[in-house]
Amino acid sequence: MTDIEIRPSRDQDMAAVTAIYRHHVLHGSASFETEPPDATEMRRRRAEIVGRDLPHLVLTEAEVVRGYAYAGLYRPRAAYGDTVEDSVYLAPDAAGRGFGRRLLAAVIEACTRRGRRQMVAVVGDSANVASIGLHEALGFRRVGTLTSVGYKHGRWLDTVLLQRALGDGDASPPAARD
């Protein structure tokens, strides 16, 4: 049986993370970036997420990074502080093996443990049925579609918004943050 592990990302994982994201920027519509960031920028982004006590995880198979996922702040203003936005990316040959589900579940769990209350998914391209289905399978509900808000690969793209409560959700006030 193959050794699969989900763990916090490390600096030495960032070359693989950068390569995975590069593929999605150049060939997919999940990200609306059109120029892939380099490893230095990806390390900076990771440091910002980890510095906010948010999860940045990798899934490894036989110690090879096969995908990554993280949660970032949904919006920078203080009132949004308990809401996070998830992102999940897999190596092209790792899709369809349940890795995305495992990574997203781990990010949900990590954010819940940290006291976050809502998670939002902003899925690039309404034709991205795999990502939409993944989120719905893990308790997200569709809350809207922004039509033709991005233009990439010669076509207009929608974004599909999904949301799920974490922990108590909105049943009680959030804990105070430092």
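**Terms and values**

Author: Tyr68 and Tyr89 are both buried, a term for residues under 20% relative accessible area, with exposed meaning over 50% and partly exposed in between (1.4 Å probe, protein chains only). The model is predicted, so local features need pLDDT of at least 70 and side-chain atom pairs pLDDT 80 or more, while totals for chains, interfaces and linings use all residues. Residues are numbered from 1 along each chain as its sequence is written, and side-chain values use heavy atoms, without hydrogens and water.

Reader: Why is the pair of Y68 and Y89 called stacked?

Author: Rings of Phe, Tyr and Trp (its six-membered ring) pair if their centres lie within 6.5 Å; planes under 30 degrees apart count as stacked, over 60 as edge-to-face and the rest as tilted. By this rule there are five aromatic pairs. The ring centres of Y68 and Y89 are 5.6 Å apart and their planes are at 25°, so the pair is stacked.

Reader: What makes the pair of Y151 and W156 edge-to-face?

Author: Their centres are 5.1 Å apart, with 65° between the planes. Both Y151 and W156 are exposed.

Reader: How do you know that R75 lies over the face of Y74?

Author: R75 is 4.4 Å from the ring centre of Y74; the rule asks for NZ of Lys or CZ of Arg within 6 Å of the ring centre and within 35 degrees of the ring normal.
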